[in-house]
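Here's a quick briefing to read with the model open beside you.

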Amino acid sequence: METINEIQDEIIEEFAGLDDWMDKYQLLIDLGNEQEPLDEQYKTEQNLIDGCQSRVWLQADYTDGIINFAAESHVDRSIENPGIFVETNVLGTLVVLNAAKSAWETADGFKEGKRFLHVSTDEVYGSLENEGDYFYETTPYDPHSPYSASKASSDLIVKSYVDTYHFPALITN
């Protein structure tokens, strides 16, 4: 059985061998899809945070940026099981933020050239009144499902890190 360090080294080597950013993006998606679901006995808050933070810490120190999709999605699934959306989208975002903050923080702020990109969704804004209307960055949040509420929550946690720690993050919707 391979250790986490051996697996990480293989991933880093394969990633480094790719020139096109779309190939790199696809590799990350494929790696995520290959993961076996975690046995229910291991799905505890303590295990989620400790286990995930260890893996993220190993990778955050070697990279200039992190893209966080907070990727539990689909409104219908969030209605059936809202808890997993809070775990993944809210606690998962917190774990990744803390790992990046720990890896990138210096006595004077943060290492030069580091960036955390938090990918959100337009669903945090609610519904549009009329066809042809648009959401803007200044549109107030108005989530209407556990999915959109969990994404809005993760957005606000990222914003709080930017405001509190001057953390180098951007939020896209």
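The expected span here is 1.5 Å times one less than the number of residues. Helices (H or I, at least four residues) and strands (E, at least two) are DSSP runs, numbered from the N terminus.

Some ground rules before the rest: this is a predicted model, where local features need pLDDT of at least 70 and side-chain atom pairs count only at pLDDT 80 or more, while totals for chains, interfaces and linings use all residues. Residues are numbered from 1 along each chain as its sequence is written, and side-chain values use heavy atoms, with hydrogens and water left out.

**Overall layout**

- The protein has 6 helices and 5 strands.
- Reading from the N terminus, the elements go α-α-α-β-α-α-β-β-β-α-β.
- Of the 173 residues in the protein, 27% are buried; buried means under 20% relative accessible area, exposed means over 50%, and partly exposed is in between (1.4 Å probe, protein chains only).
- Among contacts (heavy atoms within 4.5 Å) with a separation of 6 or more, 69% are between residues 24 or more positions apart.
- The protein exposes about 11600 Å², and carbon and sulfur atoms supply 51% of that. Accessible areas come from the Shrake-Rupley method with a 1.4 Å probe, and for residues only the protein chains shown count as cover.

**Helix 6 and what follows it**

- The buried residues of helix 6 (146-165) are Tyr147, Ser148, Ser150, Lys151, Ala152, Ser154, Asp155, Val158 and Tyr161.
- Their cover includes helix 4 (75-80), helix 5, strand 4 and strand 5.
- After helix 6 comes His166, whose phi is positive, near 60 degrees, although His166 is not a glycine.
- For context, most residues other than glycine have a negative phi.
- His166 sits in the loop between helix 6 and strand 5, and at 64% relative accessibility His166 counts as exposed.

**Helix 5**

- Helix 5 (residues 82-104) has 23 residues and reaches 32 Å from its first C-alpha to its last, close to the 33 Å expected at 1.5 Å a residue.
- Where does helix 5 bend? The bend is at Gly92, by about 30 degrees, taken as the angle between axes fitted to the seven residues ending there and the seven starting there.

**Salt bridges**

- How many salt bridges does the structure hold? There are 3, each being a side-chain nitrogen of Lys or Arg within 4 Å of a carboxyl oxygen of Asp or Glu.
- As background, side chains of opposite charge can pair when their charged atoms come close.
- Lys114 is in the loop between strand 3 (109-110) and strand 4, and Asp64 is in the loop between helix 3 (45-60) and strand 1 (65-68), so the pair ties together parts that are 50 residues apart in sequence.
- Lys114 is buried, at 12% relative accessible area.
- Lys101 pairs with Glu105 in a salt bridge, with the closest N and O atoms 3.1 Å apart. Lys101 counts as buried at 16% relative accessibility, whereas Glu105 is partly exposed at 36%.
- Lys159 pairs with Asp163 in a salt bridge, with the closest N and O atoms 2.7 Å apart. They are 4 residues apart in helix 6, so about one helical turn separates Lys159 from Asp163.
- Lys159 is partly exposed at 42% relative accessibility, and Asp163 is partly exposed with a relative accessible area of 46%.

- Leu170 lies in strand 5 (residues 169-172) and is partly exposed, at 44% relative accessible area.
- Leu170 and Val119 are 51 residues apart in sequence and 8.5 Å apart in space, C-alpha to C-alpha.
- What does Leu170 contact, leaving aside its neighbours within four places in sequence? The list is Arg115, Phe116, Leu117 and His118.
- Tyr141, Leu156 and Ile171 make a nonpolar surface patch of about 250 Å². Patches are made of residues with over 30% relative accessible area and no salt bridge, with like charges joined within 9 Å and nonpolar side chains (Val, Leu, Ile, Met, Phe, Trp, Tyr) within 5 Å.
- Tyr141 is in the loop between strand 4 (115-119) and helix 6, and is partly exposed at 32% relative accessible area.
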